[in-house]
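Here is a short briefing for a first look. Keep the sequence and the structure in view while reading.

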Amino acid sequence: MQSRVKFGSFLRRIAFRGVALFALSAAPAGAQEAEGQTVITAARYIDVLTGKTVDYPAIFVGADGRITGIADARTVRWGANVKHVDLGNRTLLPGLIDMHVHLDGPADIGGYRGLEFTDSFWGMTAVKNANDMLGAGFTTVRNVGSDNRNDIGLKQAIDAGYATGPRIVPAGYALGATGGHCDSTFLPPSLEKKDGKEEGIGDTPDELRYQVRRQRKFGTEVIKVCATGGVFSRNTEPGQLQVSEKELAAIADEAHQWGLRVAAHAHGAAGIRAAIAAGIDTIEHVSLVDDEGIRMALARKQPVWFSMDIYNTEYTQAEGAKNGVLEDNLRKDREIAQIQRDNFRKAHRAGVRMVFGSDAGVMPHGEVGKQFRVMTEYGMTPLEAIQAATRNAAQALGRESDVGAIAVGHYADIVAVDGDPLTNVRELESVDAVVKGGVLVKGG
């Protein structure tokens, strides 16, 4: 505590001496004196692009929320019109990115308990869940499927200032086959949709191409398809291939034509192989991947990323029955949980590209940082786990010039922790401060 006070006092002494700013990073002369300028200081930051720790950063942020320069706080000076956010003796990281969330899915409501609530209830819960994720340090999330396009509406509300939350990359409705994991499988025929298929459902390449176009039309920024059965659906098994390689290829081709990337829910080995061969960009869950699937992922010229949610089974098995999750779903979770973790280790050891994906909604949104511990237990170094949630995720999104690093030109999305996450990754289970776009939204 004493060193933090001394460092903050040191920064305040040098902050207002009225001499010209010298920045280590290239920035236009006088840019740090512009209207709305902010400077963020701390004891150190982790450069996830190089893996190095840089001491005494002074991170300058423009009015648009992007980083304009990074200087040495021991030598730099700035004027009185620059707002100073002093994060003391903490370690800074880029804002974290979760590539697999469901913001409109409260973790404590499972199975048929969902029928207790009206349709608009789920969109209302997404507001709190988004705020919880931001408070956990996740400044960008990819929402891979929602009802009623709740993720698109929430993104618009956050961007317009009506709600608080991370940057959202929304999928709208997930695509899938009739009776498959992304279809409605819990209701009897008398309660099913009478005037055609559910939104997002198709059974031919042409029908699924149409669904890609339809989702994009209404605001989708990533396409999600369920290639195999799943854990939390009814009458499907995780290993089942439910969308053919030809259909997956049609989805990928159509999405890429429109400039969209594609995520494929795929637990089973056959579905994983089909999704990789079809050109899908990220494979979700990847629980039962075999050696051939890993070989295909490494050999494909177009990058493919694995997103493996290897923490949430701990929450599901501890709390699922109480929350209303059906025993059949708990059974499937038990059967694949350890296999998925072992395959995470195998894929990482082989060199497969990997990103952080929690499946928040299956677990509470504010607790997703607990997955970092499990990622290191199954083979990653703390730096690799952090890079999966920053640099790698930004690359998989195709947004590496905006997020995923503390670097000039990027949004000033920053997380601060008291300790050193490179030696104790569990620091990320409860972050101490969060900055989004240069604005302090948690801590101080």
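This is a predicted model. Two packed helices are described by the angle between their axes and the distance between the axes.

**Helix 4 with helix 5**

- Helix 4 spans residues 205-217, and helix 5 spans residues 245-257.
- Their axes come within 9 Å and cross at roughly 30°.
- Angles under 35 degrees count as roughly parallel, so helix 4 and helix 5 are roughly parallel to each other.
- The crossing of helix 4 and helix 5 is right-handed.
- Helix 4 brings Pro205, Leu208, Arg209, Val212 and Arg213 to the contact. On the side of helix 5, the partners are Lys246, Glu247, Ala250, Ile251, Asp253, Glu254 and Ala255.
- By class, this contact of helix 4 with helix 5 has 6 nonpolar and 6 charged residues, and no polar ones.

**Helix 2 with helix 3**

- Helix 2 (residues 121-135) packs against helix 3 (residues 150-159) at an angle of about 50°. Their axes are 10 Å apart.
- That angle makes helix 2 oblique to helix 3.
- Helix 2 passes helix 3 in a right-handed crossing.
- From helix 2, Trp122, Gly123, Ala126, Val127 and Ala130 meet Asn150, Leu154 and Ile158 of helix 3.
- The contact of helix 2 with helix 3 has 6 nonpolar residues, 2 polar and no charged.

**Strand 17 with strand 18**

- Strand 17 (residues 433-436) pairs with strand 18 (residues 439-442) in the antiparallel sense, over 3 bridges.
- Val434 stands opposite Lys442 in strand 18.
- The hairpin of these strands has 2 residues between them. Gly437 takes a positive phi near 60° in this hairpin.

How values were computed. Residues numbered from 1 in each chain as written. Predicted model: local features only at pLDDT ≥ 70, side-chain atom pairs only at ≥ 80, totals over all residues. Heavy atoms only, no water. Axes fitted to C-alpha atoms, helices over the stretch in contact; angles between N-to-C directions. Helix = DSSP H or I, 4+ residues; strand = E, 2+ residues; numbered from the N terminus. Parallel < 35°, antiparallel > 145°, perpendicular 65-115°, else oblique. Left-handed = near helix turned anticlockwise from the far one by under 90°. Contact = heavy atoms within 4.5 Å. Nonpolar A, V, L, I, M, F, W, Y, C, P; charged D, E, K, R; others polar. Pairing = 2+ DSSP bridges.
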